[in-house]
Each structure stands twice: as structure tokens, then as C-alpha cells.
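Let's take a short walk through a protein model together. Have the sequence and the 3D view open as you read.

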Amino acid sequence: MSNRVEFNSETKTWSGPKVPYPFGNKSTGQVIYESMKTNLNHICQVSDDSGEIYTNERMLKEAISFANHLKLIGIKRGDTAIMLTHNHHYMAPTWLGCVFAGVLICPFGLIEGSVKEEIIELVNQLKPSFMVTSYINEIQRFKEVFKQLNVECPIYIYDNQFEDCFDLKPLLETKVNIYNFKPVSIINSDTDIFMITLSSATTSKPKLINVTHKQFLLGGLDQVSNYTIATTLIPGWQTEAVILFNCLQKCHRRIIRAFHNEVDFLKLLEKHKVTFAFVKPRDIFMMTNSDLIKSIDLSELIIVVSFGAHLAPVVANNFKQYIPNGIVVSIFGMSEIGMSVADASDIEENIPNLVGKVKRNMHLRVRGENSNQYLGPNEIGEICVKADASFGGYYKNAKLTEANTTRDGFFLTDDLGYLDKEGNIFLVDRRKYVFSYRGNIIQTTQIEQIIREHVRGVENVCVVDIEHEEHGLYPVIAIVPQVGAELDEHVIVDTVMKNHPFKFETKVFFMKQFPMTISGKIKKHVVRSNIKKLEI
């Protein structure tokens with residue numbers, strides 16, 4: 001397939017290669033079911049910690065068993081369900097059973113510091129018909145939320161020990177006939193909703209996003225089969241769902257662990273000869289700095305994909321030296337589009353800000369400060385994206401959907417960047433992370449990258465803009481030190497000034513931890529609010 005990108009000089013639109021959509025109005029459940037039953041002996045999942053092994057046959061039987069139970073208790077197509085689970089072996093058949101039954105799953109991912117008020121708001125919007133969880137310590141909190149909102153939501157737990165919850169385990173074990181089963185059908189793959197996901201919520205509250213069947217299936221059209229795949233993701237946002245269901249459809253093998261650190265994950269990569277890894281930037285950094293990295297064999301690893309945050313080139317290059325036959329690439333994508341926007345497969349070296357070419361079935365524009373003005377090659381503005389599958393919109397929020405799309409269907413990403421004539425995409429920063437300081441442009445992520453690359457002992461860093469009487473806004477640095485590290489504010493500031501294009505006024509605040517989103521990103525708006533309180 002040609003990877004040539006076309007540029008329309010009249011509409012100022014870059015379009016990726018066109019790949020025909022082959023599934024018509026089949027549901028995602030139908031497509032996965034038809035693919036899996038053709039190769040029942042294929043091993044699709046291996047649990048590194050429990051030792052559980054799933055063939056396609058076992059996966060289908062357990063998923064169909066659960067789908068039949070949902071139908072029996074009156075769950076209908078379009079009902080919603082909260083999925084709050086670790087990467088246990090039973091997660092995949094449970095999620096797949098929901099898909100077969102036409103349930104709109106909404107993966108949640110709780111971490112320390114998740115805000116109850118946000119959970120209340122999300123549950124109130126979803127009105128879930130049931131919940132599946134392995135977060136035992138969170139059960140009481142969700143019960144209180146359901147009671148407060150007067151939502152009747154039974155809770156399913158694998159090998160349940162609670163009187164007022166239901167046991168998931170036997171619901172996956174009833175006898176079924178794979179060939180007599182029919183997944184729920186749909187009417188229109190471009191408008192019917194497949195699942196509901198959470199936005200990353202780095203600059204505001206999390207939003208619920210509709211993902212259509214065509215959006216999801218379009219994302220896997222050009223993928224080959226037979227990778228052995230692992231990820232450091234928490235199963236609480238869209239990427240993990242995409243990886244899971246694409247693995248089942250494309251006959252990949254998925255290696256999972258319910259809990260892990262960087263050492264566990266490195267051992268997993270070597271033991272299972274993983275060829276394709278999805279890894280968050282911070283996890284790449286932690287693995288590179290692990291003592292184990294020098295003795296582990298990662299020669300089978302072909303592709304390491306970074307996503308969810310900026311990956312500093314120096315971090316990518318440092319990790320690359322330990323994967324002799326592989327590459328490290330960043331994904332540019334967003335939950336609203338339902339897939340990655342850039343194709344990074346041709347990137348041979350880490351060029352600053354380059355995230356790849358316009359992906360197949362994608363169309364990009366760059367919008368200027370005047371919302372009616374679109375820019376040409378090498379001009380910086382807000383990147384706007386449109387896929388050949390329609391944006392499903394925000395869940396039950398037409399006003400928010402309209403505010404974030406153009407009249408002709410382009411999604412406003414809030415990312416600043418530019419494209420060259422060949423359709424290479426260069427990201428500069430999030431628009432909300434860029435501001436003017438005494439006539440110069442401050443990029444907060446640029447300051448964060450300098451600290452990650454040049455200051456030892458930093459566990460995490462976040463730079464935000466704070467109001468200033470003289471300058472209007474100025475950048476303030478917040479740092480979570482590594483355990484045992486002794487960091488000095490003056491040394492940090494001096495290091496930043498030596499490596500930044502121009503000097504600026506700043507302060508450094510040290511914190512024990514950052515408030516995080518459900519999807520594991522830093523809540524910059526909360527960090528900003530906390531710093532303002534400290535400055536008073």
C-alpha cells in the first residue's frame with residue numbers, strides 16, 4: 001500500500017492513503033466472532049502472573065457464556081456498563097461478552113487520587129446497568145455513588161466473596177455451542193455506538209466519548225497478524241480496549257499481567273519473546289534506568305510504541321540501544337477520533353516533534369488564529385482532524401460535540417503543530433500549554449523535557465502557567481522527587497536556563513505526588529490550583 005499523502009492547496013487539506021472499508025454494516029462483535037472461530041486453536045492470550053492460557057475457543061466460549069447471561073437477565077443492546085478491572089485473565093472474555101451482547105462498555109481506570117466528584121458525574125451520565133470490577137477496595141465507594149444517584153447497578157466480581165455482589169466466575173463457565181451463537185447486529189456502522197470511553201482530562205474534567213463501530217474497525221485495517229503484544233497500560237481508557245479487541249480480531253497473542261513494575265515488565269518482554277510493546281513514556285524512562293535493562297535480552301522486540309504523553313528524543317534513543325532489532329515510535333492520536341492520526345512506521349530516527357505522516361483514511365488541516373483561515377505547509381496552527389469514519393460525538397452532549405468540531409466535520413484537537421509538503425506531522429505543543437511571556441512564547445512541555453533530560457532524581461515533573469502581576473503569566477515548575485533524591489531549586493532553575501532558548505522568571509515547588517486523571521495523566525489544572533494556594 002502506498003503511503004503517499006495528498007495535499008489539496010485549495011482546501012488546505014492533507015489526506016492520507018485511501019483504504020476501502022470492508023465490513024459494511026457488521027458490528028464489531030460480528031467481525032471479531034467471525035475471525036476468531038476460523039482458528040479456534042490459536043493462543044490469543046497468556047497471563048504472565050496467573051499462568052492462564054486462552055485459545056480462541058476458550059475465549060469465545062467464556063464470552064458467549066457471559067453474553068447469554070446478560071440476555072437472560074434482560075440486558076439490551078445499548079445498555080451501558082462500567083468496566084473497572086485490572087488485566088486479569090477473565091477481563092478479555094468479560095469485555096468480549098459485553099460486545100457480543102451489544103452492551104456499551106465504558107472502561108474506567110482508578111488510580112490513587114481519583115476524585116469522587118468526577119466519578120459521581122460520570123456515573124450520573126452513564127446510568128450503568130451493571131458493573132464489573134476487580135478493585136475490591138473501591139466497591140464501597142461505588143455503592144455509595146449508586147445509592148446517592150439512585151442508580152440500580154449490580155456489581156460482578158470474579159470469585160466473589162461479598163454477599164451483596166454477584167460472582168462472575170460461573171457466568172463464564174456455562175456450556176455453549178460456538179457455532180449456534182449470533183452476536184448482536186447493528187443498523188449503521190458509522191453511527192451506531194460500539195463503546196464509550198473517557199477523555200484524558202489533562203486540562204479539564206473527563207468527558208465521555210462515543211466510539212462507533214466503523215471508527216473502531218477502521219483503526220485496524222492495515223495491521224498485520226501474529227504479533228506477540230504487551231502493554232504497560234491500565235485497562236481504563238480507549239487504547240487498552242483497542243489493543244485487546246484488535247488482538248482478538250487479528251490473531252495476535254496478548255501477554256498480560258494484573259500488576260507489574262518496570263522490572264516485571266522487562267522480564268515479561270524477554271520470557272514471552274514480545275515483538276510489539278505499547279509503553280507509556282514514563283515507563284520507557286523507568287525501564288531504561290533499571291539495573292536489569294543491561295542483562296535482559298530484548299532482541300525479539302520489533303516495535304515499541306509510546307503514547308499518551310510526550311516522549312523526549314533522548315529517552316527514546318537511550319532505550320533504543322537495548323532493542324537491537326527494533327524501533328521506538330510515538331503515536332499521535334486522540335480518543336475522539338478513535339484511532340491514531342499519524343503513521344510512524346517510516347520514521348528511522350527520532351526527529352524532534354515529528355510524529356509521522358498522515359495516516360490512511362485520515363484528513364488533516366491546520367487552523368490559524370482566525371477560525372476561518374487554514375494554513376499551508378510549515379505554518380504553525382491548531383491541527384484539525386477528520387477520519388473517513390464520523391466522530392461519534394460526546395455521550396449525550398450535542399452542545400460539547402458542536403463546540404469541538406467544524407461545520408464540515410473536522411475535530412479541533414487543541415494541538416499546535418504543522419505539516420510539511422510530504423504530509424509529515426510535527427507537534428509543537430498543546431494549545432493550552434503554550435502562552436506568551438514578555439513577547440516570547442513559552443512551551444511548558446519544552447521546560448518539562450529539559451528537566452527530564454538534565455536533572456537527575458526527578459520522578460515526575462509538571463510545568464504550568466500562573467498569573468503574574470508584571471508578566472501576565474509565567475511558568476512555574478512542580479516536581480515529584482524520586483525516593484531518596486535531594487533536589488535543589490537553584491540547581492534546577494540554573495539547569496533550565498542553560499538549556500532553554502531564553503531566560504524567564506520561575507519558581508520550583510516540590511510535591512509528594514501529582515493529582516492524576518482516570519487515564520493516568522497529570523491533572524495540570526489541579527496542579528495549577530494547588531500552586532496558587534501555596535503562593536498565597
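In which sense do strand β19 and β20 pair, and over how many bridges? Bear in mind as you look that this is a predicted model. Strand β19, residues 342-343, pairs with β20 in the antiparallel sense, and 2 bridges join them. Now look at how β20 sits in the protein. This strand covers residues 354-358 and is mostly covered, with 5 of its 5 residues buried.

Next, turn to a pair of helices. Two packed helices are described by the angle between their axes and the distance between the axes. Helix α4 (residues 116-126) and helix α5 (residues 139-149) have axes that come within 10 Å and cross at roughly 55°. The two helices are therefore oblique to each other. The crossing of α4 past α5 is right-handed. On the α4 side, the contact is made by Lys116, Ile119, Ile120, Val123 and Asn124, while α5 brings residues including Phe142, Val145, Phe146 and Leu149.

Finally, find Phe510 in strand β29, which spans residues 508-510. Is Phe510 buried or partly exposed? Its relative accessible area is 38%, so Phe510 counts as partly exposed. Leaving aside residues up to four places away in sequence, Phe510 touches Ile479, Pro481, Leu487, Asp488, Glu489 and Ile492. Take Pro481 as one of these: Phe510 and Pro481 are 29 residues apart along the chain, and their C-alpha atoms are separated by 7.2 Å.

Notes. Residues numbered from 1 in each chain as written. Predicted model: local features only at pLDDT ≥ 70, side-chain atom pairs only at ≥ 80, totals over all residues. Heavy atoms only, no water. Axes fitted to C-alpha atoms, helices over the stretch in contact; angles between N-to-C directions. Helix = DSSP H or I, 4+ residues; strand = E, 2+ residues; numbered from the N terminus. Parallel < 35°, antiparallel > 145°, perpendicular 65-115°, else oblique. Left-handed = near helix turned anticlockwise from the far one by under 90°. Contact = heavy atoms within 4.5 Å. Buried < 20%, exposed > 50% of the residue type's maximum accessible area, 1.4 Å probe, protein only. Pairing = 2+ DSSP bridges.
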